[in-house]
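Please look through the model below before reading on.

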Amino acid sequence: MDGNASGEDYENIDWDTEDELEIENITPSSCSNGVAHNVQAIVSNGAAIVSNGEASSSAAGSSNSKLVQHFLGMGFSEEMIAKAIKENGEANTESILESLLTYGALASEESPDERNSCHLNSPQQQQFVDNDHLSSDYDESLLADLSDSDDSWSGSEIAETSNSLPKHEKAILSLANMGYTVEEASAAIDRCGPEASIAELTDFICAAQMAKTEDVFFEEEKPKISFNGSLKKRKLYELEMRKRKKRNPEDEEMIRLPNPMIGFGTPTHGNVITHRTLPDAAKAPPYFYYENVALAPKGVWDTISRFLHDVEPEFVDSKYFCAAARKRGYIHNLPITNRFPLLPLPPRTISDALPLTKRWWPEWDKRTKLNCLQTVIGSAKLTDRIRKALEKCGDNPPEHVQKYVMDECRKWNLVWVGKNKLAPLEPDEVEMLLGFPRNHTRGGGISRTDRYKSLGNSFQVDTVAYHLSVLKDIFPNGINMLSLFSGIGGAEVALHRLGIRLKNVVSVEISEANRDIVKSWWEQTNQKGNLIHFSDVTQVDGQLLQRLMFSFGGFDLIVGGSPCNNLAGSNRVSRDGLEGEQSSLFFDYFRIMDLVKDIMNNKVE
């Protein structure tokens, strides 16, 4: 990356990947001074930003305002930043950061009156650190209490003002007083809905802060998607696109994500919903199971649901199954009673999953869960910089240093491997967290970078297995499966671990490395059935499906998770929803599923 002040942090990262972050990108919060005095402007003008960015720009000069805002977002005061820039120059960001951390360490030895109180020393920001709002494993009972008393964050002056405001303006006020910008608060309310609690809004904002890395994401050039199904399917697709273009995006109702995100139930929460009525079209065989990121652009899940027979999505966060968050939506026509989990149950906390880290875990790192496992990892330069900063601070780093370290830990899922030493997860640790066998992605010439990429785009096996477990009694003699966008075989591994025999699996996956991983797993686990591989989902047509289904009698299950490139929040270049070049492949999932149904019902055109 070039031309970016913080690019040095990310020098060794593979940016040319399908980064599956599940959140929108919002500018990190900057220092919020005098919130109470600006409350009227906040609630009346959504474009207003409560920050001292303007002052810092004038102090450091207009040419470095972006650099100033970058360090303000880390928690340093504008005076410190101006001094560090003057000493080191604008170009050397690493030296600026070193100077800032040194100033902070020195300031921590002074009396409280001598310290700058703009950031983490204020009561609001102290509460922010103590409650660990940036973590995916927040204390839900605590946040539930906060959502019932929005004004508890404000002083009496703000409380009196907010009592007469509409709920969404009160939420903006409360979030601003917690240190978030109005820009962040407004975006969160727009995404989560005006009825969302403070707990939901803070969770969304902090997840978005973790996604903010660089200003530009580079993508591979890929061939345009071609739809070569029947004329009827193509016309249906085009009709849907015309409807979407005519519809005002603001009029399109957004699916509300549940909190907690446990779908129809989990092993620890039981069956929240024990009965659902499927549309008639969804009751006919085969069973189908579709997955994608939960936090997609507005209206996406409504469209997916319409195409998949109007089946209601089941939104689940895998943090209820393992030690890492993974917010996903699933649409399927499977039964939802008599589900059972894979045994033994996987560890659900960081300390249980990675016990060797316990010894080095500082008390001020309150994480018990990891955030979403990405396709990229933090660089060695970043972890070395953190180590040097912590060593300068001694055993009790000041709060603004703790905040900076915790922001990076959550963003990159860093874990403690020694005193003051952090490291990204190893590929085999990611495999374990996602429910795959050890070394599942190792060998066969695949690089570490591609291992992270393949794992970051995969299913969480324990979550998927819980949903698919109902098939064990339905198909005691084994199953025929059509696996679209197979990746590294998450569905295949889940069925195998459930003890469901794989009679015939037709796997369609564009990545040769991923196809090799699935083939190697198939051989190593001594599967007795047939594995048939195809590379291009757009080339799967009615004639091919007819030949396959004639040879072994049809499919019992169609599984797939189409690319999330144009849905994921980190993609600010081409986040075009289902009209995007990669994510429009969802319509091939629908097209192929419809063809299979036609063939099974002898309605092939």
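Helices (H or I, at least four residues) and strands (E, at least two) are taken here as DSSP runs, numbered from the N terminus. On that basis the secondary structure of the protein chain comes to 25 helices and eleven strands. This is a predicted model, in which local features need pLDDT of at least 70 and side-chain atom pairs count only at pLDDT 80 or more, while totals for chains, interfaces and linings use all residues. Residues are numbered from 1 along each chain as its sequence is written, and side-chain values use heavy atoms, with hydrogens and water left out.

**The chain as a whole**

A residue is called buried under 20% relative accessible area, exposed over 50%, and partly exposed in between (1.4 Å probe, protein chains only). Of the 605 residues of the protein chain, 58% count as buried. Contact means heavy atoms within 4.5 Å; among the contacts in the protein chain with a separation of 6 or more, 74% are accounted for by residues 24 or more positions apart.

**Two helix pairs**

For the helix pairs, axes are lines fitted to C-alpha atoms over the stretch in contact, and angles run from 0 to 180 degrees between N-to-C directions. Angles under 35 degrees count as roughly parallel, over 145 as roughly antiparallel, 65 to 115 as roughly perpendicular and the rest as oblique. A crossing is left-handed if the near helix is turned anticlockwise from the far one by less than a right angle, and right-handed if clockwise.

The axes of helix α16 (residues 380–393) and helix α17 (residues 399–412) come within 11 Å and cross at roughly 155 degrees, which means that α16 is roughly antiparallel to α17. The crossing in which α16 passes α17 is left-handed. On the α16 side the contact is made by L382, R385, I386, L390 and C393, and on the α17 side by V401, Y404, V405, E408 and W412. For residue classes, Ala, Val, Leu, Ile, Met, Phe, Trp, Tyr, Cys and Pro count as nonpolar, Asp, Glu, Lys and Arg as charged, and the others, Gly among them, as polar.

Helix α24 (residues 542–552) and helix α25 (residues 586–600) pack at an angle of about 50 degrees with their axes 10 Å apart, so α24 is oblique to α25. Here α24 passes α25 in a right-handed crossing, and G542, L545, Q546 and M549 in α24 meet I592, L595, V596, I599 and M600 in α25. By class, this contact of α24 with α25 has seven nonpolar, two polar and no charged residues.

**Cores and a covered helix**

A nonpolar core is a set of buried Ala, Val, Leu, Ile, Met, Phe, Trp, Tyr and Cys residues joined through side-chain atoms within 4.5 Å. In the largest nonpolar core, which has 80 residues, V405, L468, L471, L495 and L557 touch the most other members. The largest share of this core, six residues, comes from α17. When its neighbours within four places in sequence are left aside, V405 is in contact with W364, I386, L390, W416 and L422. A second, separate core of 44 residues includes A282, V537, M549 and C564.

Helix α22 (residues 490–497) is mostly covered, since six of its eight residues are buried: G490, A491, E492, V493, A494 and L495. Among the elements that cover these buried residues of α22 are α20 (461–468), β8 (479–484), α23 (512–524) and β11 (557–560).

| Residues joined | Omega |
|---|---|
| N259 and P260 | about 5 degrees |
| L343 and P344 | about -5 degrees |

P260 has its place in the loop between α12 (231–246) and β1 (265–266), and P344 is found in the loop between β5 (327–332) and α15 (350–353).

H309, in the loop between α14 (300–307) and β4 (314–317), has a positive phi near 65 degrees although it is a residue other than glycine, and at 15% relative accessibility H309 counts as buried. N526 lies in the loop between α23 and β10 (530–534) and has a positive phi near 55 degrees, but N526 is exposed, with a relative accessible area of 54%.
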